[in-house]
Amino acid sequence: IALTDGAEGLAAVQLEVGRPIHPMLASTAADVGAAMAALGGTAQVEWKLDGARVQLHVDEGRVAIYTRNLNPVTDRLPHVVEWARSLPCRSAILDGEVLGFHTDDDGRDLGPRSFQDTISTFATQAAPELAPDDGSGAGGFLVRPYFFDLMALDGRSLIDEPLRDRSAALGELVGERRIPAVVATSAEEAAVH
């Protein structure tokens with residue numbers, strides 16, 4: 001596009017629901033103070049969940065789920081697909097993690113599985129072997145999605161919107177499936193969270 005259409009062509013490129021994009025990756029800092037300084041003294045501090053990174057695309061009831069490497073894994077997560085279809089929107093692109101949980105024979109949550117268990121099951125097992133996230137009593141293993149960013153909503157790209165605005169919209173969209181976060185204005189406050 002750059003070679004044939006120049007800057008005007010590049011400016012026309014937009015997010016497209018159903019076409020995965022490479023994730024933004026975190027960078028390191030020497031400590032919390034250095035990170036806060038690099039961010040201008042204010043930062044959103046989120047829980048770090050030890051799951052498998054996913055990008056979820058919803059478009060008029062159609063759902064696609066991709067890994068951090070842009071591999072499609074929709075068929076491995078039918079319970080996440082059903083959950084996504086219940087979202088109060090026409091379309092969305094979300095960035096987050098799926099976490100594995102142990103369940104008993106009655107489908108009750110017994111707590112998180114290790115990262116190694118989650119990623120191994122996520123990477124190798126077909127959907128019928130995963131217990132649905134509906135408390136149906138299947139037992140064994142279930143996967144739940146949690147999200148930290150909303151990149152598009154109802155046909156509008158949010159990529160250039162401030163994080164505070166995307167976070168507010170994300171919370172309204174996914175409720176308890178939003179990864180907890182606080183806005184910190186000092187290294188001491190950030191370190192507590």
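**Ground rules.** I number residues from 1 along each chain as its sequence is written. Because the model is predicted, I take local features only at pLDDT of at least 70 and side-chain atom pairs only at pLDDT 80 or more, while totals for chains, interfaces and linings use all residues, and side-chain values use heavy atoms, with hydrogens and water left out.

**Fold.** I looked up the elements first, taking helices (H or I, at least four residues) and strands (E, at least two) as DSSP runs numbered from the N terminus. The protein has six helices and eight strands, and from the N terminus on their order is α-α-β-β-β-α-β-β-α-β-β-α-β-α. I then looked up burial, where buried means under 20% relative accessible area, exposed over 50% and partly exposed in between, with a 1.4 Å probe and protein chains only. Of the 193 residues in the protein, 38% are buried.

**Largest pocket.** I noted a volume of about 1300 Å³ for the largest pocket. Among its 34 lining residues, L25, A26, S27, Q44 and E46 are the closest to the centre. At least two lining residues come from each of helix 2, strand 1 (43-46), strand 4 (91-103), strand 6 (140-153) and helix 5 (163-174). (A pocket is an open set of points on a 1 Å grid over the protein atoms alone, where a 1.4 Å probe fits, with protein on both sides within 12 Å along at least five of seven lines; lining residues have an atom within 4 Å of a point.)

**Salt bridges.** I counted six in the whole structure, a salt bridge being a side-chain nitrogen of Lys or Arg within 4 Å of a carboxyl oxygen of Asp or Glu. One of them joins R85 and E82 at 2.7 Å, N to O, and both residues lie in helix 3 (residues 78-85), three residues apart, about one turn of the helix. R85 is partly exposed at 45% relative accessibility, and E82 is partly exposed at 48%. Another joins R62 to D59, with the closest N and O atoms 2.9 Å apart; here R62 counts as exposed at 53%, whereas D59 counts as partly exposed at 23%.

**Surface patch.** I found that I1, L10 and V13 make a nonpolar surface patch of about 280 Å². (Patches are made of residues with over 30% relative accessible area and no salt bridge, like charges being joined within 9 Å and nonpolar side chains, namely Val, Leu, Ile, Met, Phe, Trp and Tyr, within 5 Å.) V13 sits in the loop between helix 1 (2-12) and helix 2 (32-38), and V13 is partly exposed at 46%.

Key: Accessible areas come from the Shrake-Rupley method with a 1.4 Å probe; for residues, only the protein chains shown count as cover. Grid points are joined across faces, edges and corners, and a volume is the space filled by probe spheres set on the points.
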